[in-house]
Amino acid sequence: MTQTAPKVSILVPIYNTETYLGTCLDSLVGQTLKDIEIICINDGSTDSSLDIMRAYAAKDARVRIIDKQNTGYGDSMNQGLAAARGEYIGIVEPDDFVSKRAFAAYVKAAERYGASVVKANYREHSEGSWRDPLAVVYGQFAYNVPFCPADNPAIVNTTPSIWAGLYRRDFILGQGISFSQTPGASFQDASFAHQCWIAAPRVVLLRQGYLHYRTDNQASSSKSSAKVFQVCYEYQRTFDFLRNRGQDAYRAFAPALNAARWNGYKWNYNRISADNHLAFAQQWAREMVDAREEGMLDLSLLPAVDAENAQLLMGDAQEFCNRFPDEIA
């Protein structure tokens, strides 16, 4: 391992991903930007993932391993942040992979525009596909034009995709941004992404997609319907972070964050068992009504059909569930 701090620390949180881990790590050790460290955080894997990490570390001194008991995604990421030495932080999930120029492009943008956060679109990958289509996350925003998120708070209502970008390490540490320590892997990425948008003085967006996000991993934690109310906890954590930044910040971001909450809760409703719909809808309705009463719910930020559904939810959660017994269209 080199004694000088690397330009980028890439965090790879790993739990039982032996099938895809080699592809991921190949893409990282093969980056055109050589001045990196790759921090593999093993979250108590029971398959051969740790052996794979050790094999890469034996061949490449830039690969570091944190081996710990299974404590969940958030704790893994926080340990990775604490161990990182780079000027910048990158995140790559172990079932995804990146184009070889990814981190060179991210760093170039960060330094050219003086950005604390660089975010890019990404590509959706499925085995057997001859090409990875671009998932356009930031189509409503200008690319390669730095801005302060407080001046364009709609940015918080975008797909979190924390693994398609770059963050200045001193920004993350200085603003107290972290992942929740809840067990497993459930929505911790959303709160982290929102904290970054809320706190960043200057960000820049890239049109190109460098991260290849795997859509065909049936074992992905995003496909689990466990932890019905975990999304509520993550949004409460984000709102607490926002309130601590003062009234000006709260007024700037809260309406857009409530629109993001609608989308996040809608996705959660569609993934949980129908047996849990009413209990979740009742909690959802209470939070929406609270936002309306404090003047921070702007339904014009939602598509017309969602705004209509939000009115129904706030008026009668049971009728909302009757209308949507399976999922919300």
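Predicted model: local features only at pLDDT ≥ 70, side-chain atom pairs only at ≥ 80, totals over all residues.
A nonpolar core is here a set of buried Ala, Val, Leu, Ile, Met, Phe, Trp, Tyr and Cys residues joined through side-chain atoms within 4.5 Å; buried denotes under 20% relative accessible area, exposed over 50% and partly exposed in between, with a 1.4 Å probe and protein chains only. Helices (H or I, at least four residues) and strands (E, at least two) are DSSP runs numbered from the N terminus. At least three core residues come from each of domain 1 (8-223) and domain 2 (229-323).

Residues are numbered from 1 along each chain as its sequence is written, and side-chain values use heavy atoms, with hydrogens and water left out. Local features need pLDDT of at least 70 and side-chain atom pairs count only at pLDDT 80 or more, whereas totals for chains, interfaces and linings use all residues.

Helix H4 (residues 102-113) has 12 residues and spans 17 Å from its first C-alpha to its last, close to the 16 Å expected at 1.5 Å a residue, where the expected span is 1.5 Å times one less than the number of residues. Buried positions of H4 are Ala 102, Phe 103, Ala 105, Tyr 106, Val 107, Ala 109, Ala 110 and Tyr 113. Residues up to four places away in sequence aside, Tyr 106 touches Val 118, Ala 120, Ala 164, Gly 165, Leu 166, Leu 206, Tyr 210 and Leu 211, contact meaning heavy atoms within 4.5 Å. Gly 114, with a positive phi near 60°, follows H4.

An open sheet of four strands has the order E5-E11-E7-E8 and mixed pairing; two strands pair if DSSP finds at least two bridges between them. Strands E5 (97-98) and E8 (134-135) lie at the edges with a single partner strand each, so one side of each is left without a neighbour in the sheet. E5 runs antiparallel to E11 (residues 211-214), joined by two bridges, and Val 98 stands opposite Leu 211 in E11.

The domain bounds come from an automatic or database domain assignment. The centres of domain 1 and domain 2, taken over C-alpha atoms, are separated by 27 Å. Contacts link 24 residues of domain 1 with 20 residues of domain 2. The two domains bury about 1900 Å² between them, 63% of it on carbon and sulfur atoms; buried area is the accessible area (1.4 Å probe) that two parts lose on being put together, summed over both. Asn 157, Phe 187 and Ile 198 supply 35% of the area that domain 1 buries against domain 2, more than any other three residues.
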